[in-house]
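Work through the exercises below with the sequence and the model at hand. Each task is followed by its solution.

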Amino acid sequence: MTKKMIIKRAAVILLCLVLVPFFVLYVWSSGIIHKKYKIPLTEIAVPTDSVEVAEGKRLASIAHCGGCHGSDFTGRVVVRIKNEFKFVAPNITKIIPEYTASELERLLKHGIKKNGESVYFMPCFSFHELKDESVARIIAYLKTIAPAPSYPDLPSSIVFYPLGRLHIIQGKLPHMADIIDHDSKDKYVPRDSSQVALGQYIAMSTCTSCHGLDLKGEQGFSPDLVIATAYTPDQFMHLIKTGEGGLGRKKLRLMSETAKNFLSALREEEINAVYAYLRSMHTKQP
Ligand code: HEC
Ligand code: HEC
């Protein structure tokens, strides 16, 4: 073997040592990302009445779809985590027309896309707790949105980088469809007309998306909602209606944005109910 041949061979072996693991990482993680779920579709009746469509718009605001997909729903990059992911909330004005009402219902309540794959990151565990009639109204509203162009550099879906793919293989980034208990239904739909029952329903179908399934907060991101008990009822109303904090800090980053732009669609009696529920949770604790 000539010197040249040895160098060539060494280069090929080196290249394989680098490329093969990347190839395995890519193929393995893609298999997980594109896993298909078999959750059957449910027939739903979508209202057409303008009052119900308007209510659907209000409910979609409370569900803060626009917080991720942009106020006009044409999509945006929600977060970038270097070397891991680029979380893209796509332009849904173009996707919704391709979905049937039943497929939208399955997406919102079970986290399953039209193609049978699960979504990442979209808080369907919160929407799973919504009443059927509320989901139907949201869908009625979504179906009225006209398709609009995306802005030029928006990727069409989530971008996974090598470290993110490794996390997927390690199971650190579960599918939304694996987090939801698909058999549970109407778990928090109020059984009586008490304020606390209504407040629990709203909190579990809305605030959980950022404050965690038990409302105890997400480390390094959002606080335990026991913090709401340090608010007076008036301060809490002001927070949800305007986004201004009442405990010294007025500007609360994502919370201020979300409250001002989306949660402010809650009615006063609904906000008071959430407050009553959060207080009742606190007094129940030992
Ligand atoms: C926390 C951010 C977030 C919120 C809130 C959110 N979404 Fe999403 N949504 C996403 C992300 C991220 C994706 C892409 C998920 C994927 O492909 O894994 C997505 C995907 C979608 C899709 C496209 C599914 C497909 O087939 O590609 C639709 C439609 C959609 N969302 C509708 C909604 C509606 C309606 C709401 C409110 C009721 C909502 N989203 C709330 C983040 C969010
Ligand atoms: C889109 C995400 C998101 C949603 C939805 C959300 N929150 Fe928050 N919330 C946050 C974040 C993030 C913080 C921490 C903000 C900070 O400290 O700057 C926060 C902070 C708070 C605080 C503490 C404010 C303070 O003075 O420190 C309260 C109270 C609160 N949220 C109540 C709620 C309630 C009630 C709901 C549901 C009706 C809700 N949040 C829904 C993200 C969210």
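**Exercise 1.** Does H211 count as buried or exposed, and at what relative accessibility?

*Solution.* The model is predicted: local features need pLDDT of at least 70, side-chain atom pairs count only at pLDDT 80 or more, and totals for chains, interfaces and linings use all residues. Residues are numbered from 1 along each chain as its sequence is written, chains are lettered from A and ligands numbered from 1 in the order in which they are written, and side-chain values use heavy atoms, with hydrogens and water left out.
Buried means under 20% relative accessible area, exposed over 50%, and partly exposed in between (1.4 Å probe, protein chains only). H211 has 9% relative accessibility, so H211 counts as buried. M255, at 24%, counts as partly exposed.

**Exercise 2.** Identify the protein donors of the iron atom of ligand 2, and state the arrangement of donors around this iron.

*Solution.* Donors are N, O and S atoms within 2.8 Å of the metal (3.2 Å for Na, K and Ca).
Step 1: the protein supplies NE2 of H211 and SD of M255, 2.1 to 2.3 Å from the iron. H211 belongs to helix α10 (residues 195–211) and M255 to helix α12 (residues 253–261), so the pair ties together parts 44 residues apart in sequence. Helices here are DSSP runs (H or I, at least four residues), numbered from the N terminus.
Step 2: six donors count as octahedral if opposite donors are over 155 degrees apart and all others between 65 and 115. The 6 donor atoms subtend angles of 87 to 179 degrees, which makes the arrangement octahedral.

**Exercise 3.** Which polar side-chain atom lies 2.5 Å from an oxygen atom of ligand 2?

*Solution.* A polar contact is a pair of N or O atoms within 3.5 Å. The atom belongs to Y231.

Definitions and conventions
Four donors count as tetrahedral if all angles lie between 85 and 135 degrees; four count as square planar and six as octahedral if opposite donors are over 155 degrees apart and all others between 65 and 115; anything else is irregular. Helices (H or I, at least four residues) and strands (E, at least two) are DSSP runs, numbered from the N terminus. A polar contact is a pair of N or O atoms within 3.5 Å; within protein, one must be able to donate a hydrogen and the other to accept it, and residues adjacent in sequence count only if both atoms are side-chain atoms.
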